[in-house]
Amino acid sequence: MDKILQYGRELLELELQEAKKLPNRLGKDFINACQLILSTKGKVVVSGIGKSGHIGKKIAASLASTGSPAFFMHPSEALHGDLGMVTQNDVVILISYSGRAKEFNYILPILAEMNVPVIAITGGLDSPLAKSAQAILDISIEKEACPMGLAPTSSSTNTLLMGDALAIAVMRARGFKEEDFARSHPAGSLGAKLLNHVRDIMRTGDRIPKVPQTATVLDTMLELSRTGVGLVAICQDNNKIAGVFTDGDLRRLLLKKGTLQDNIMDVMTCPGHRIPENWKAVEALKSFNDHNITAAPIVNSKDELVGVLNIHDLHQAGIS
């Protein structure tokens, strides 16, 4: 078991040693690569074969999710029709540690004829790929972490790191924000927080607990039980809210020896906290926390009751 731990630690130490050399290699070519991506009117096409291809898919995904439309093109498929997906408005990132992938020998002349700029991620600085590229990102290593020097380890890690550096540098230069990121991740927790508005998740129609101003405490208590939201909105004839009555209000009323026949206008909380329908859901959650409440009526721009929201609705929508 000690040997196994030793093997793992040796690999990590070797890969880290090689990775530490990358920051000092970033210079004019890195700037050129970023500018090519920022200025392109089309998409970023990423291509590589073998382990480079697997990492290329991740780089394309990172670019796409951070504001640079991108897709992965397999080199072999490119030679059998997929090269038709590349347009003159695109920029291509070709990944090959040696810079001598045979497939690229066929692809590079076609890209040159189309005047499509090429960014090379390679360790072969004198390779055909490097000589054909407008920007060269140097991922060269002295030693693979594989003890036989066969399996791509240090080199593949350097490729991944260089791709991340490229994607995030472009993202920051583009002024990409959390809201932009959320739009490409709508199903994630960040998307739920930044994209959902109160109107998207509030309860509407018959699910809104409300009673007229003429209601009694008994009427209101029955409405509390029917909806289970935790509050009831007391509404005027024009559907504007006169006040609210909550589970807590009912408990306090009973402790004060109030009766179920009391008029709700005499015991309600007035005016009661309310939330605009156009607020983001995360703003509603902050409001709940700031006011130490778990539910609130939702109003439109005319201050009319249009829905109700409670803490459970927010949690179910992934807002926490």
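Modeller: A residue is called buried under 20% relative accessible area, exposed over 50%, and partly exposed in between, with a 1.4 Å probe and protein chains only. The model is predicted: local features need pLDDT of at least 70 and side-chain atom pairs count only at pLDDT 80 or more, while totals for chains, interfaces and linings use all residues. Residues are numbered from 1 along each chain as its sequence is written, and side-chain values use heavy atoms, with hydrogens and water left out.

Biologist: Thanks. Which domains does the domain assignment give?

Modeller: Domain 1 covers 1–176 and domain 2 covers 198–317; these bounds come from an automatic or database domain assignment. Taken over C-alpha atoms, the centres of domain 1 and domain 2 are separated by 56 Å.

Biologist: And which residues does UniProt list for "binding site"?

Modeller: The unreviewed UniProt entry lists His74, His80, Thr214 and Asp266 under "binding site". They do not all gather at one spot, because the farthest two C-alpha atoms are 79.3 Å apart; in sequence they span 193 residues. UniProt positions are given in the numbering used here, feature names are shortened, and annotations may be inferred rather than shown by experiment.

Biologist: Where is His74, then?

Modeller: His74 is in the loop between strand S2 (70–72) and H4. Helices (H or I, at least four residues) and strands (E, at least two) are DSSP runs, numbered from the N terminus. His74 has a relative accessible area of 32%, so it is partly exposed.

Biologist: What about His80, is it buried or exposed?

Modeller: His80 is exposed, because its relative accessible area is 69%. This residue sits in the loop between helix H4 (75–78) and strand S3 (91–95).

Biologist: And where does Asp266 lie?

Modeller: Asp266 belongs to helix H13, residues 264–267. Its relative accessibility is 65%, so Asp266 counts as exposed.

Biologist: Switching to charges: how many salt bridges are there?

Modeller: The count comes to nine salt bridges, where a salt bridge is a side-chain nitrogen of Lys or Arg within 4 Å of a carboxyl oxygen of Asp or Glu. One of them joins Arg203 to Asp313, with the closest N and O atoms 3.0 Å apart. Arg203 is in the loop between helix H10 (198–201) and strand S6 (210–212) and Asp313 is in helix H15 (residues 311–316), so distant parts of the chain, 110 residues apart, are linked by the pair.

Biologist: Is Asp313 buried or exposed?

Modeller: Asp313 is buried, because its relative accessible area is 8%. Arg203 counts as buried as well, at 13% relative accessibility.

Biologist: Which residue does Arg25 bridge to?

Modeller: Arg25 forms a salt bridge with Asp138, where the closest N and O atoms are 3.7 Å apart. Arg25 lies in the loop between H1 and helix H2 (28–39) and Asp138 in strand S5 (residues 135–138), so the pair ties together parts 113 residues apart in sequence. Arg25 counts as partly exposed at 28% relative accessibility, whereas Asp138 counts as buried at 16%.

Biologist: Which helix holds both Glu223 and Arg226?

Modeller: Both lie in helix H11 (residues 217–227), three residues apart, about one turn of the helix. Glu223 counts as buried at 13% relative accessibility, and Arg226 as partly exposed at 48%.

Biologist: Now the sheet: in what order do its three strands come?

Modeller: The order is S9-S10-S11, in an open sheet with mixed pairing. Strand S9 (275–276) and strand S11 (305–310) are the edge strands, each pairing on one side only. Two strands pair if DSSP finds at least two bridges between them; S9 and strand S10 (residues 295–299) pair in the parallel sense over two bridges. The bridge partner of Ile275 in S10 is Ile298.

Biologist: Last topic, the backbone. Which residues does the cis peptide bond join?

Modeller: The cis bond joins Cys270 and Pro271, with omega about 5°, and Pro271 lies in the loop between H13 and S9. Asn292 has a positive phi of about 55° although it is not a glycine. This asparagine is in the loop between helix H14 (281–291) and S10, and Asn292 is exposed, with a relative accessible area of 74%.
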